[in-house]
Every structure is written in structure tokens, then in C-alpha cells.
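Thank you for making time this morning. I would like to walk through one chain with you, starting from the whole and then moving to a few places in it.

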Amino acid sequence: MIVSLAENNEDIDRLLKKGYALAIDSNHLVVRDIPYLDNNGNLQIGAIVSIVNFISQNKMGMRDHQIFFCGSHPHELNGKPIRNLGGGATSVHLASKDLVVQRSFSNKPPSGKFKDWFEKIENYITIISGPAIDKFDANPYTFRVADENTKSVFKFRDTLTSRAGIGELSAKLEEDTIAIIGLGGTGSYLLDFLVKTPVKEIKGFDGDWYHVHNAFRSPGKLNEEELGKRKTEVYNNRYQNFRDNVNIYSNYITCDSEEDLTGVTFAFVCVDSGAARGEIFDLLVKLKIPFIDLGMGLDKDTGLISGTLRTTYFPVESAQSTINKRLAPLSDIPDDVYKSNIQISELNALNACLAVIKYKQMRGFYLDDNSYFHMLFNVDGVNLVGENGKN
């Protein structure tokens, strides 16, 4: 990867040709083999790490003048810590095991910013490595080719995560295989949100067709040629250029669908049939898959739309007891001509947001002060109430 970047970035090419051991790791530029002196005057080897602002797949800019450093604070020949290196202790999640960021440094040039990567790296090398070069005749020009850790499900670099500094949190999602059962209004928004997480695989299940009304309650741009096609084809095509391992299947999940859920580690249930929900619940409990069930109860009895959004989490260890609370309807009223099926895109999206937040709380991404397993959002009062089983 670094070679292809050098072909499209003259400053990176200059760094490579000078002999720096460059690599890309988790959307950071890494420069290994950086010599410096520790507090005892001994030679140590560290690494410079800096956030990359990817302008396109092959064009890279700098976010700012700062760097991260894998190593202790560098020292002068006289044993004193090198000055003019502002910053402090910090950590950054990187994929390579040999890269452990310990601190950040800030040395702003007189002009306020570096003109390119070459100037930035050379500036920090002069400051950090100067004493080690003088004392041990060490240099960072090793021409070493390091393994690049850029394994990702995304086909574009996830610069959002690196810019926010939340790589260690996002990594907690990487081993999950997610099932989304039902790709109607709420399910389609769930799919859109989860596609942008680094989960290993997303499996979607829905046997319906994509019609005009679906476009009014789902994210994304409508392409007229999508109308009348299976949701399978529409959603597989919609996300194939963004990431790998999004697999949408044109079948419904029933009590006999064990094989369809092979490898699934978490599921979202977005169906509007109580009877179908009951079968799905039984299967997920049997397979010991934790899941979240979502529901919307909206009406316009007063002439205006009101109602609630429901998000209920069923952990493996207490799934059956949670089901027994009857928080989600598991049967249908025969010939219910009064049943409301109001779907509004912003409420579908909000319901999906609540479910994704709950899932990420369970994975240690978000803080969870209340530990709610059951949440109701009231549209009328714009408030959220929850149940955590502690009372």
C-alpha cells in the first residue's frame, strides 16, 4: 500500500527514497526505526505515528502538526529531556503488535503548519533523533519494509475513526457477525448504520420486494431501476462498493432456519408479525444468540400521530425470562382491521438508532449508566423511559 501511495504523493515518495521505514496502520502513517536517547543516555528505537487525512483512496494529507510516539521521552546528550516537544502521555489503538503509542508531541513550525509530510517527518527526526545520531552514529534510514496492518471490511479508509481517536472502541465490534431479520423501514436503517461499523459480517433476511413506499422509509438514494426488484438485490448492490461481507438473503427466518444463522453472534429482529416474532425468538434462544427486538406502535386517533418506539434487549442468560414478561407481542389478532401500520422515516431511523446504541453499549463502546434492557420512546412527550430489572 505504501508504494501505491508513494506513486501518488510526492512527499511520501521522497521519504521512502531517503530510507524511512514507512507503513500505514489503522489510517495512521507510521515511521519505524527512530533512534533516540533515554534518560540514561542509552540508545533506544521508537516509532513516529501520525493521523492521515485521506483525500481519496491514493491521495493523503496531514490533519495537523502533531505526532504520536512509541517510546519514552527522548533526551539530550546532557541527560535532560528534549524541550520543545509539547504534548503528554496518551494511547492510540493500532493493529501492529510492535507499535505501542505512549505519548504525543507537538512542535509547531514558525509558519504554523508543515507544507508536506516530508517536512513534518524531517522536523521531528531532527529533534528526536539528533542526540542519538551524534552519540551513536545511529540513523533512521533503514529502508525496512514493515508489514502493513490495514485489514478492514471497508473499501474506503475509515478516517472517521482515526480522526476521532476511537480505534480501540471500534475494535470491540470487529468479531461480530450480525443478523438483521426484516428489512422494512426500521431494518433498512439498521442495515445502513451497521454497514458503517467494522463488524465482520452483516446478514440480512427479507423475502419482500422493493417498491415505491420502501423508498419513503429507508435511507439512501432511490434509483428507479431498483423498483420491483427483491430487497436482496437492492441492498446487496447498494453497499457492495462501500464494504465487504454484507450478505442479504431473500428468505424469511422461521423456526427451521438454524443453518441461516450459522456464525451469528448478535441479531436484530424487525418484524411486524407477532407469530413470526415468536418463531424467531424461539430459534434465537435455542441457538444462544443475544438479540434486540424493535417495535413501533403509532396511531392518529387524535388526528395527529402519536405513540411509542420500543427497543428490547434479550441477553442469552435471561432471554426466556425476558420473553415471559410479554414486552413484545408474540401473536396476532385475527382479522384485525383496525391494526395501524404507520411508518415514518424519522421514527424508523430513531428506533434503529436506539437499538444500535444499545448494542454498542453491550459491546463496551458506549457508556451505560442505566443498563436498560427495555426502552420506550414516547413520541408525544419526546421522552425515554426504561426498565433495568433492578427495582
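How many helices and how many strands does the secondary structure of the chain come to? The secondary structure comes to 11 helices and 15 strands, where helices (H or I, at least four residues) and strands (E, at least two) are DSSP runs numbered from the N terminus. Before going further, please keep in mind that this is a predicted model, in which local features need pLDDT of at least 70 and side-chain atom pairs count only at pLDDT 80 or more, while totals for chains, interfaces and linings use all residues. Residues are numbered from 1 along each chain as its sequence is written, and side-chain values use heavy atoms, with hydrogens and water left out.

Let me begin with the chain as a whole. Its C-alpha atoms fill a box of roughly 85 × 55 × 45 Å, taken along the principal axes. Of the 391 residues, 47% count as buried, buried being under 20% relative accessible area, exposed over 50% and partly exposed in between, with a 1.4 Å probe and protein chains only. The accessible surface comes to about 19,500 Å², and 50% of that surface belongs to carbon and sulfur atoms; the areas come from the Shrake-Rupley method with a 1.4 Å probe, and for residues only the protein chains shown count as cover. If we take the contacts with a separation of 6 or more, residues 24 or more positions apart account for 65% of them, a contact meaning heavy atoms within 4.5 Å.

Now to helix α2, residues 10–18, where Asp11, Ile12 and Leu15 are buried. Seen down the axis of α2, these buried residues fall within an arc of 100 degrees, so they line one face of the helix; the arc is that of the directions from the helix axis to the C-beta atoms. As a reminder, an α-helix has 3.6 residues a turn, so residues three or four places apart point the same way. On the other side of α2, Glu10 and Lys17 are exposed. The cover over the buried residues of α2 includes α1 (2–8), β1, β2, β4 (60–62) and α3 (117–136). Just after α2 comes glycine 19, with a positive phi of about 115 degrees.

Two further residues have a backbone angle that I would like to point out. Most residues other than glycine have a negative phi. Asparagine 27, however, has a positive phi near 65 degrees, and it lies in the loop between β1 (21–25) and β2 (28–37). Its relative accessibility is 12%, so asparagine 27 counts as buried. Aspartate 33, in strand β2, also has a positive phi, of about 65 degrees, although it is not a glycine. Aspartate 33 is buried as well, with a relative accessible area of 13%.

Helix α6 presents another picture. Of the 11 residues in α6 (residues 185–195), 10 are buried, so the helix is largely enclosed by the rest of the structure. Among those buried residues are Tyr189, Leu190, Leu191 and Asp192.

Let me turn to the aromatic rings. Rings of Phe, Tyr and Trp (its six-membered ring) pair if their centres lie within 6.5 Å, and planes under 30 degrees apart count as stacked, over 60 as edge-to-face and the rest as tilted. By this rule the count comes to 16 aromatic pairs. Phenylalanine 266 and phenylalanine 268 form a tilted pair, 5.3 Å centre to centre with 50 degrees between the planes, and both are buried. In the pair of phenylalanine 291 and phenylalanine 314, the ring centres are 4.5 Å apart and the planes are at 10 degrees, so this pair is stacked. The pair links distant parts of the chain, with phenylalanine 291 in strand β12 (residues 291–299) and phenylalanine 314 in strand β13 (residues 306–314), 23 residues apart. Phenylalanine 291 and phenylalanine 314 are both buried. There is also a cluster, in which ring pairs link Phe266, Phe268, Tyr313 and Tyr359.

I will finish with two single residues. Asparagine 245, in the loop between α8 (231–239) and β10 (246–249), is partly exposed, with a relative accessible area of 37%.
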